[in-house]
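This briefing is for a reader who is new to the structure. Please look over the sequence and the model before reading on.

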Amino acid sequence: MHKATRVWIALHLLAAVIVTLQQTVGGGQTNNFTIFRESFWHLAREQDLYAPYPGVTFDLFKYSPTSALLFAPFAVVPHTMGLLLWNLTNAAVLSWGIAVLLPGAAAAWALAICFLEALGAIQNSQSNGLVAGLMILSVVAMHRRNAGASAFAMITGSLIKVFPLSVGVFALIPSNRWRFVAWSAGLAVVMLLAPLLVTPWQTLIDQYASWGAVEARDAAKTGMWWLGGLLELWTGRAWPHLPLQLAGALWVAASAWYSRDHFDSPVVRQLLVASALGFAIVFNHMSEPPTFVIGYAGIGIWWAALPRARWRDALVLAAVVLGSLGATDLVPNQFQREWHYDTRLKAIVMSVAWFAMQYDLYSLLTARANRAAGAP
């Protein structure tokens, strides 16, 4: 591993420790972590995971019952220890995923580009660093023909947030695709039923019904930080989510198919990962600022995987300065409100970057296909 990569991994982990100190000793808010932590106890006590619990948390749990079970290691230890482990887990999985995907100093550049977004996600005690890392590790394991590990990373991430399922289309490329399908189906069944370890069958059925009701309500949300939210902002009317998301999913699937003869190429694989990470934000109707670490990991991987070009440099600089720094206390509050939040500036630069990824991916694949065909 390159020295610069080790330094940036250490910085991500150090940031997790510092944020934990700020959240505990400094009295920062840890509402999201409290929701995750209490979800395990609600599951074990046969309480509705998705009901409001005023006085304990000021928002709802929205993940799967299996996620509540998976939060057990962070719930059975004291609060501060659990928070530290949770923040370190998010930082470590994201950092390790990028480090094993990209060679040499390229990983360091990608970690640097997504650092501020990773910091913001940890400050909100979010799961987004973990989700991004699992998506990356799933594709790495695919290439290494480890179908079980690939399926485990994908299914685990998808039980937290559904968009990690998008990397599953890449697993249909290698020759061991049916092993991946079998592993995914088996693990999905096992993990969906795993909460039966601590709760009765009927209670689990009720939990899934409540989860479905929460997801149905969230499906109608408007004005969020995604491509559809931008269209709503610009046109002044709500757009149906499903057609736009289906179009994005079909595009990612088409990219996987077009890449089927080039999956062993590191740069093709890296661009596919970057595209999937960007897709998880650009086409996610629940995107909000703390989720953007997923997309910015994609931006970092895309930029670091390719030769330098001025237009890419300018786009990444805009993403970091306007999208990341523009939301910090380093800029005036008026700028944050009028330019960053009111215009959904982070969503704009993320969307532009995702379309740039598609241009580079298809340009690369076309060039490789032409060379293979002997075209001049």
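Is Ala141 buried or exposed? Ala141 has a relative accessible area of 9%, and the limit for buried is under 20%, so Ala141 is buried. The model is predicted, and its mean pLDDT over the chain is 92.

**Confidence**
- A pLDDT of at least 70 is reached by 99% of the residues.
- Helix H15 (residues 292-305) has the highest mean pLDDT among the elements of the chain, 98.
- The lowest mean, 76, belongs to helix H17 (residues 333-341).

**Ala141 in helix H8**
- Ala141 is part of helix H8, which covers residues 128-143.
- Beyond its neighbours within four places in sequence, Ala141 is in contact with Asn146, Ala149 and Ser150.
- Leu101 lies 40 residues from Ala141 along the chain, and 10.0 Å separates their C-alpha atoms.

**Asn128 in helix H8**
- Asn128 is also found in helix H8.
- The relative accessibility of Asn128 is 0%, so Asn128 counts as buried.
- From its side chain, Asn128 reaches the backbone oxygen of Pro290 at 2.9 Å.
- With residues up to four places away in sequence not counted, Asn128 touches Asn90, Lys161, Pro290, Thr291, Val293 and Ile294.

**Helix H6**
- Helix H6 spans residues 104-113, and its buried residues include Ala106, Ala107, Ala108, Ala110, Leu111 and Ile113.
- These buried residues pack against helix H1 (3-24), helix H5 (79-101), H7, H15 and helix H16 (310-324).

**The largest pocket**
- The volume of the largest pocket is about 900 Å³.
- Its lining is made up of 34 residues, and those nearest the centre are Lys62, Tyr63, Ile160, Lys161 and Met286.
- By class, this lining has 17 nonpolar, ten polar and seven charged residues.
- At least two lining residues come from each of helix H2 (31-44), helix H9 (147-158), helix H10 (177-193) and helix H11 (201-218).
- H2 contributes the most to the lining of the largest pocket, namely four residues.

**The second largest pocket**
- The second largest pocket holds about 460 Å³ of space.
- It is lined by 15 residues, with Gly120, Gln123, Asn124, Ala327 and Thr328 closest to its centre.
- Helix H7 (residues 115-123) provides the largest share of this lining, six residues.
- Seven nonpolar, five polar and three charged residues make up the lining of the second largest pocket.

**Cavities**
- There are three cavities of 30 Å³ or more in the structure.
- The largest cavity has about 70 Å³ of volume.
- Around the largest cavity lie Ile35, Glu38, Ser39, His42, Leu49, Ala51, Tyr53, Thr57, Asp59, Leu60 and Phe61 as lining residues.
- Six of the residues lining the largest cavity are nonpolar, three are polar and two are charged.
- The second largest cavity has a volume of about 60 Å³.
- Its lining includes Lys161, Thr291 and Ile294, three residues that Asn128 also touches.
- Other residues lining the second largest cavity include Val131, Met135, Phe163, Pro164, Ala280 and Asn284.
- The lining of the second largest cavity divides into six nonpolar residues, two polar and one charged.

Technical notes. Residues numbered from 1 in each chain as written. Predicted model: local features only at pLDDT ≥ 70, side-chain atom pairs only at ≥ 80, totals over all residues. Heavy atoms only, no water. 1 Å grid on protein atoms, 1.4 Å probe; cavity = no way out; pocket = protein on both sides within 12 Å on 5 of 7 lines; lining within 4 Å. Points joined across faces, edges and corners; volume = space filled by probe spheres on them. Nonpolar A, V, L, I, M, F, W, Y, C, P; charged D, E, K, R; others polar. pLDDT = per-residue confidence, 0-100. Buried < 20%, exposed > 50% of the residue type's maximum accessible area, 1.4 Å probe, protein only. Contact = heavy atoms within 4.5 Å. Polar contact = N/O pair within 3.5 Å; in protein donor to acceptor, adjacent residues only side chain to side chain.
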